[in-house]
Amino acid sequence: LTHEGLKYTLDNYAYVYVLFYSENDTSAWQPDTLDIVDELFNVSSVKQVTFNDFEFTVIAEDTAIFFVNVDDPANETWADIVDVSDGQASRATIPVLLEVFNGEDLSWFGPYASAGKNKPASEKLEEVLNTLK
């Protein structure tokens with residue numbers, strides 16, 4: 001793990017989320033998820049934090065979130081890290097949400113529901129939003 005900002009959040013927040021999205025993709029699955037992100041930013045506890053030139057968003061006292069634009073050439077191998085095994089993401093297609101609990105328990109949420117897989121990223125983000133309201 002070379003991203004200092006991510007290392008910092010994993011050490012200091014119980015929940016860390018990483019949302020993989022695309023600025024250019026017009027997938028039917030992405031708009032609902034991005035609408036929920038917009039709602040998250042309207043919650044009063046949300047603030048932007050900078051740690052060693054790395055920016056992330058704190059959405060609650062114990063929760064941070066990163067946004068990874070998969071259109072950025074630096075992120076071109078993003079899909080290689082998505083776990084699509086049983087009980088994880090439906091597929092490595094945006095939007096994909098990674099939840100890290102206590103720095104070690106990883107759960108992946110894909111763009112839609114699929115048998116034997118986690119719920120969609122939009123549904124998981126909606127749950128997070130509801131805990132903040």
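Here is a short chat about the packing and one hairpin in this predicted model.

Colleague: Which residues of helix 2 are buried, and which side of the helix are they on?

Modeller: Helix 2 spans residues 30–40, and its buried residues are Gln30, Thr33, Ile36, Val37 and Leu40. Around the axis they cover an arc of only 125°. So they all end up on the same side of helix 2.

Colleague: What do the buried residues of helix 2 pack against?

Modeller: Three strands come into it: strand 1 (15–21), strand 3 (54–60) and strand 4 (63–69). There's also a helix on the list, and that one is helix 3 (121–132).

Colleague: How many residues does the largest nonpolar core have?

Modeller: Val16, Phe20, Phe56, Trp78 and Trp108 have the most contacts inside it. Helix 1 (4–12), strand 1, strand 3, strand 4 and strand 5 each put in at least two residues. A second, separate core has 15 residues, including Leu97 and Val128. The largest one has 21 residues.

Colleague: Which residues does Trp78 touch, leaving out those up to four places away in sequence?

Modeller: Trp78 is among the residues with the most contacts inside the largest core. With those sequence neighbours left out, Trp78 touches Phe20, Val70, Ala92, Thr93, Ile94 and Val96.

Colleague: In the hairpin of strand 5 and strand 6, which residue takes a positive phi?

Modeller: Strand 5 (residues 96–101) and strand 6 (residues 105–109) pair in the antiparallel sense over five bridges. Phe101 stands opposite Asp105 in strand 6. Three residues lie between the strands, and the one with a positive phi, near 50°, is Asn102.

Technical notes:
Residues are numbered from 1 along each chain as its sequence is written. This is a predicted model: local features need pLDDT of at least 70, side-chain atom pairs count only at pLDDT 80 or more; totals for chains, interfaces and linings use all residues. Side-chain values use heavy atoms; hydrogens and water are left out. Two strands pair if DSSP finds at least two bridges between them. Helices (H or I, at least four residues) and strands (E, at least two) are DSSP runs, numbered from the N terminus. Buried means under 20% relative accessible area, exposed over 50%, partly exposed in between (1.4 Å probe, protein chains only). The arc is that of the directions from the helix axis to the C-beta atoms. Contact means heavy atoms within 4.5 Å. A nonpolar core is a set of buried Ala, Val, Leu, Ile, Met, Phe, Trp, Tyr and Cys residues joined through side-chain atoms within 4.5 Å.
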